[in-house]
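Please keep the sequence and the model in view while reading.

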Amino acid sequence: MITIVDDNFSQLNSFLHEKSFSKIFILVDENTHEYCLPVLLGNMETDLGFEILEVEAGEEMKNIQTANQLWEILTEMRADRKALVINLGGGVITDMGGFVASTYKRGIEFINIPTTLLSMCDASIGGKTGIDLMHYKNMVGTFSFPEKIFAYPKFLETLPFKELRSGFAEMLKHGLIADKAHWENLIQIHKLDIESVIPHIQTSMNIKQLVVEQDFHEKNIRKTLNFGHTIGHAIESLCLNQGNPILHGEAVAMGMISEAHLAYLEGLISEEDSKLIIENIQKYYPYLDISDFKDEDIFDLLLNDKKNVDSKINFSLLSGIGSCTFDHQCHLKNITKSLNFYRKLNDA
């Protein structure tokens, strides 16, 4: 399902020639329209007609209003069940484009062409689609696999450094939950840039794909992919609601630090491992100020996390470097301690 494409996009063209689509719709934002679409169109070989659907960039656009506009456009352009949606972009585009495609006329086929490190290693893989509801992340969505994922690493050359760093957080997470050697290879990177990251992309993609194949509908082991996301998503949502959105990877990095300390407080990992994990994440990510957020506001979002059952907060927490538990219900006092631990890191 996941293919690293060459400079001629020959693998994508073979796929288009093999299938009998009626029309192609390419979903982009203004960034991928400018930097990535010309590369794709310059190499895409097909006689099929295609339309470009552009949305504004940013997490704040991943909502029901944007999805409704896209459904209306597909309807007006008479997209039928044999149409193909190509999602060319980062996590917002692949999440939302997959959701729109998987629900339009009860589902049309779509493929993902991720253009950011985050979407290559994480968002485009696994068949989770979705949009945000109010300030709750990915609250509405479907489980629907893309027909194919075509990754073109040279698209990373168009990324600002912050976007590259954002995606790197998910790569670190993959090592921490499932592959100690991957983690150890990543933390040897002294200068975070495209050249140092590209050799490790395939490993991260494979880790996520392997987990997903074992548990598509997230009943058990797939929940481990949420390490760092329970607290991270809450902080990301609060920032979005405040009108000061942060990148997903920045929130996940903060979440992994808090949840690594939480795993120590819960007796799942040693203090030594917790410190090692935290110090290495801090090498790449600046402190994220959460002093304006009250614990009760964070807890309110934690209680609305999709993994919860019976109003109990379920965490995915490390049981070692390279292994992770799931459905772990923590003591409230330890969650508070982990948040306060993070707040005090800026004083150190």
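## Lining of the largest cavity

By class, the lining of the largest cavity is made of four nonpolar, four polar and three charged residues, where Ala, Val, Leu, Ile, Met, Phe, Trp, Tyr, Cys and Pro count as nonpolar, Asp, Glu, Lys and Arg as charged, and the others, Gly among them, as polar. The model is a predicted one, in which local features need pLDDT of at least 70 and side-chain atom pairs count only at pLDDT 80 or more, while totals for chains, interfaces and linings use all residues. Residues are numbered from 1 along each chain as its sequence is written, and side-chain values use heavy atoms, with hydrogens and water left out.

A search of the whole structure finds three cavities of 30 Å³ or more, and the largest cavity has a volume of about 110 Å³. Of the 11 residues that line the largest cavity, Lys137, His233, Leu301, Asn304 and Asp305 are the closest to its centre. On a 1 Å grid over the protein atoms alone, a cavity is a set of points where a 1.4 Å probe fits but cannot get out, a pocket is an open set with protein on both sides within 12 Å along at least five of seven lines, and lining residues have an atom within 4 Å of a point. Grid points are joined across faces, edges and corners, and a volume is the space filled by probe spheres set on the points.

Strand E7 (136-143) and helix H10 (229-241) each supply at least two residues of the lining of the largest cavity, and the largest share, four residues, comes from H10. Helices (H or I, at least four residues) and strands (E, at least two) are DSSP runs, numbered from the N terminus.

Ser237 lies in helix H10 and is buried, with a relative accessible area of 4%; buried means under 20% relative accessible area, exposed over 50%, and partly exposed in between (1.4 Å probe, protein chains only). Not counting residues up to four places away in sequence, Ser237 touches His135, Tyr136, Lys137 and Leu301, contact being heavy atoms within 4.5 Å.

## The second largest pocket

The second largest pocket holds about 180 Å³ of space. Among the 13 residues that line the second largest pocket, the closest to its centre are Tyr285, Pro286, Tyr287, Leu288 and Tyr342. H11 and helix H14 (332-345) are the elements that give two or more residues to this lining, and the largest share, four residues, comes from H11. By class, the lining of the second largest pocket has nine nonpolar, two polar and two charged residues.

Thr115, in the loop between strand E5 (109-114) and helix H6 (117-123), is buried, with a relative accessible area of 2%. Leaving aside neighbours within four places in sequence, the contacts of Thr115 include Thr32, Cys36, Leu88, Phe155 and Leu159.

Met134 sits in the loop between strand E6 (128-133) and E7, and has a positive phi of about 55 degrees although it is not a glycine. Met134 is exposed, with a relative accessible area of 65%. Asp327, in the loop between strand E11 (323-324) and strand E12 (328-329), also has a positive phi, near 55 degrees, in a residue other than glycine, and at 34% relative accessibility Asp327 counts as partly exposed.
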